[in-house]
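Grab a pencil and have a go at a few exercises on reading a protein structure. Try each task yourself before you look at the solution.

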Amino acid sequence: MNNKSKKRFWIVLILVNIIILDVMFSGIYGKTDYSLNQNKKTHLIGASYMTMNNEFYKILSEEISARAEAEGDRLVLRDPALDAGRQIEQIREMLDLDIDVLVVAPVDWQSLESILEDARAEGILIVVVDTNVSREDLADCTILSDNYNAGVLIGQYFLKQRDTAKVVVMTHENAKSGQDRVQGFMDTIKGHKGIEIADKIECEGQLEIAMPKLQEAIDNELEFDSVFCLNDLAGVGVVAALEENRILDKIDVYGVDASPDSKALIKENMMAASVAQFPSEIGTRTADVIYKLLNGEEIEKHILVPVKLVTKDNVEDFGIDRWQ
């Protein structure tokens, strides 16, 4: 198999795996109680993440679910599918179910103020994960990756690779985590002569949006040689678009997550680098916070989980076929 055929094989394989996982989980996370068949337990925990087509949230939620089951409690999980209005409606439904704890990763970090005020008025404990809400005083605890530093780490590595560049930045403006990653990258490369931003493209951090949006930029003859993506779902979409146009070998692609798909691409020299998030650790720490809150124990108000740069030099250390 020649190099071009090998690259196309990897991209097709990754896209097929993502589609299969999305189909498998779409039915599970629609409006189904995670513990529907369990007996009635002491506490009811509600969870609403940005979207369940991202395996990051599935792994995070599995850690919380396992702890809840071990404690004899129930978890109710809803998928807003990147729809801020739907997320508010689903949280309202969970309030009607008399949940004791709400775990939330906001679709739009500025949209939840009113519903979270209602939740607090009802005495519900609130734990925010992965990305901030606009008013952190509404949360009992906020648990995040160090998103700003993720952008910094990519920016520092990027500057070691290039003295000049025209960069496309793939963004997700409604997510504070996405904003912070982009800001960290932009602050790091700022002031370096020869480095310019060719364009910023909103993609909501989704493969199926990033791929056609970058294709549109290519069709419009945008000149660029590097792409920074706020996450690896967008990164895989970018890689697919570049390979479809047979220009992947001319463009450096950077992401954030170090998902199994991006690590496979890094190993095959199809992505330059990513920054590892640790969803299992975030999930475990979230579960610990939930039960400390339920037990009336003191907790940290803000927990920042460190991130790590992943390149071809160390990708094997992170385990290519799984999340770290």
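The exercises below use this predicted model.

**Exercise 1. A sheet of four strands**

Task: Find the order of the strands in the open sheet formed by four strands, and say which strands are at the edges.

Solution: 
- Step 1: Walk across the sheet. The order is E7-E6-E8-E9, and the pairing is parallel.
- Step 2: Look for strands that pair on one side only. Those are the edge strands, E7 (195-202) and E9 (252-254).
- Step 3: Check how neighbouring strands sit: on average they are turned by 20° against each other, direction ignored.
- Step 4: Zoom in on one pair. E6 (residues 165-171) and E8 (residues 226-229) run parallel and are joined by four bridges. In that pair, Val168 stands opposite Val227 in E8.
- Step 5: H6 (residues 176-189) touches E6, E7 and E8, and its direction makes about 165° with that of E6.

**Exercise 2. A covered strand**

Task: How many residues of strand E5 are buried, and which ones point one way and which the other?

Solution: 
- Step 1: E5 spans residues 141-145, and five of its five residues are buried, so to speak a mostly covered strand.
- Step 2: Recall that side chains in a regular strand alternate between the two faces of the sheet.
- Step 3: Apply that here. Cys141, Ile143 and Ser145 point one way from E5, while Thr142 and Leu144 point the other way, and all are buried.
- Step 4: Look at the partners. E4 (residues 125-129) runs parallel to E5 and is joined to it by three bridges, with Val127 opposite Cys141. E11 (residues 302-305) also pairs with E5 in the parallel sense, over four bridges, and Leu144 stands opposite Leu304 there.

**Exercise 3. Positive phi**

Task: Where are Ala81 and Glu221 found, and is each one buried, partly exposed or exposed?

Solution: 
- Step 1: Read off the angles. Phi is near 55° for Ala81 and near 65° for Glu221. Each value is positive in a residue other than glycine.
- Step 2: Ala81 lies in the loop between strand E2 (74-78) and helix H3 (84-96), and Glu221 lies in the loop between H7 and E8.
- Step 3: Compare with the cut-offs: buried is under 20% relative accessible area and exposed is over 50%. Ala81 has 38%, so Ala81 is partly exposed. Glu221 has 68%, so Glu221 is exposed.

Notes:
Residues numbered from 1 in each chain as written. Predicted model: local features only at pLDDT ≥ 70, side-chain atom pairs only at ≥ 80, totals over all residues. Heavy atoms only, no water. Pairing = 2+ DSSP bridges. Helix = DSSP H or I, 4+ residues; strand = E, 2+ residues; numbered from the N terminus. Axes fitted to C-alpha atoms, helices over the stretch in contact; angles between N-to-C directions. Contact = heavy atoms within 4.5 Å. Buried < 20%, exposed > 50% of the residue type's maximum accessible area, 1.4 Å probe, protein only.
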